[in-house]
Amino acid sequence: FDHLKDPQKALIVPCDKPGGLMKAAPFVQSIRQAYPQADIRILVTETRTQLAALIPFVDEVISGPLDTPLWSKQVKKLCSQLKGEQFDLVFCLGTDCSLRNAAIAGASGGRLQIGFARGDFQFFNFELVWSGKAKSDEEAHRHMLSAINLAYESSWRWSVPLETGGEDSALGSRKQTGRLFALDLADSTDQRWNKKQLDEILHHWLFNGFEPVIFFSLAEDKKVRYLRKTHGRHLRMVDKRDGTATALLQSCHGIVALNTDYLHLAVALRISTVTLACPEMDRWLDPVQKDLHVFVRDEKGKALAEALIRLSEQV
């Protein structure tokens, strides 16, 4: 526990479930508040690198193959890289994230590794018992910090640098009209978009004079090709790998998404959001600004599209 007195390097591994990255932001701020001198790194999968970079108080984002088998050469190389950093503190924030995350955190070589106990496995040299399945991740993170006598900073923010000029500026000025709506094509763990839903959302927005902004990644290539063929000239397609994607999201008046990173990023940025109801949402979206978010039980695309229009009129 001497390593808690004046740590020089700390590694934080967020939960890899949807919303886990957003929920890590207050924890990162808490560690920064406790150790202003520390070099704080955060470890995420490659697809979350740009989002992780938006969390304040992080000195560096380390991206790794967190979606590949533990015995792969890529993971072994990552663990070797982490050991070379000689971290004083390593935090694994997930209470039920993948065993891969916990194993990598435990193999990081950190002098003090803190995480939640995982049944028959022992990954960390300081393990916490947590039986809070019905409790929020905020409570779990408070529990972790209180165990080492640190305060939890509940107020937090994300930093999104907006460039002046160019396309961002044009989109920013058009936001004043409230005519830009975003749609995230990504599927969530137990929910998937189908063509009929996407068609209904876009038809309803276009019919009512809104311009859709479509966020996509390589995983949605088939959907992208379909939408370009059927609605192409009416849509603004945005690749999430583009460095300006987050700034473009801020330029939208609202977003329809499933339980994805971009939904949680929109919540963090106080953008109006509409999503299908699912049990996991109660866990990841607390506290939710009720005036900015709507759960829809009707899975029809038109219901989702109309819900965002109504919400935008109220805000």
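Colleague: Where does Leu206 sit?

Modeller: Leu206 is in helix α7 (residues 195–207). Helices here are DSSP runs of H or I with at least four residues, strands are runs of E with at least two, and both are numbered from the N terminus. This is a predicted model, so local features need pLDDT of at least 70 and side-chain atom pairs count only at pLDDT 80 or more, while totals for chains, interfaces and linings use all residues. Residues are numbered from 1 along each chain as its sequence is written, and side-chain values use heavy atoms, with hydrogens and water left out.

Colleague: Why does Leu206 count as partly exposed?

Modeller: Because its relative accessibility is 27%. Buried means under 20% relative accessible area, exposed means over 50%, and partly exposed is in between (1.4 Å probe, protein chains only).

Colleague: Switching to Ser251. Buried or exposed?

Modeller: Buried, because its relative accessibility is 7%. Ser251 lies in the loop between α9 (245–250) and β10 (254–256).

Colleague: What does its side chain reach?

Modeller: The backbone oxygen of Ala247, at 3.2 Å. The cut-off for a polar contact is a pair of N or O atoms within 3.5 Å; within protein, one must be able to donate a hydrogen and the other to accept it, and residues adjacent in sequence count only if both atoms are side-chain atoms.

Colleague: On to strands. How many residues of β11 are buried?

Modeller: Five of its five, residues 272–276. Ser272, Val274 and Leu276 lie on one side, Thr273 and Thr275 on the other.

Colleague: Which strands pair with β11?

Modeller: β10 joins β11 through three bridges, running parallel. β12 (residues 293–296) also pairs with β11 in the parallel sense, over four bridges. Pairing takes at least two DSSP bridges between the strands. Val256 has Val274 as its bridge partner, and Thr273 stands opposite His293.

Colleague: What handedness does the unit of β10, α10 and β11 have?

Modeller: That β-α-β unit is right-handed. The test: with the strands pointing away from the viewer, the path from the first strand over the helix to the second runs clockwise.

Colleague: What about β5, which residues point which way?

Modeller: Leu112, Ile114 and Phe116 point one way, Gln113 and Gly115 the other, and all are buried. In a regular strand the side chains alternate between the two faces of the sheet. The chain gets from β4 through α4 to β5 by a right-handed crossover.

Colleague: And the neighbours of β5?

Modeller: β4 (residues 89–92) runs parallel to β5, with three bridges. Three bridges also join β5 to β6 (residues 126–128), again parallel. Phe116 stands opposite Leu128 in β6.

Colleague: Last topic. How much space is in the largest pocket?

Modeller: About 1,100 Å³. Of its 40 lining residues, the closest to the centre are Thr47, Arg48, Ala186, Ser217 and Asp261. A pocket is an open set of points on a 1 Å grid over the protein atoms alone, where a 1.4 Å probe fits, with protein on both sides within 12 Å along at least five of seven lines; lining residues have an atom within 4 Å of a point. The volume is the space filled by probe spheres set on the points, which are joined across faces, edges and corners.
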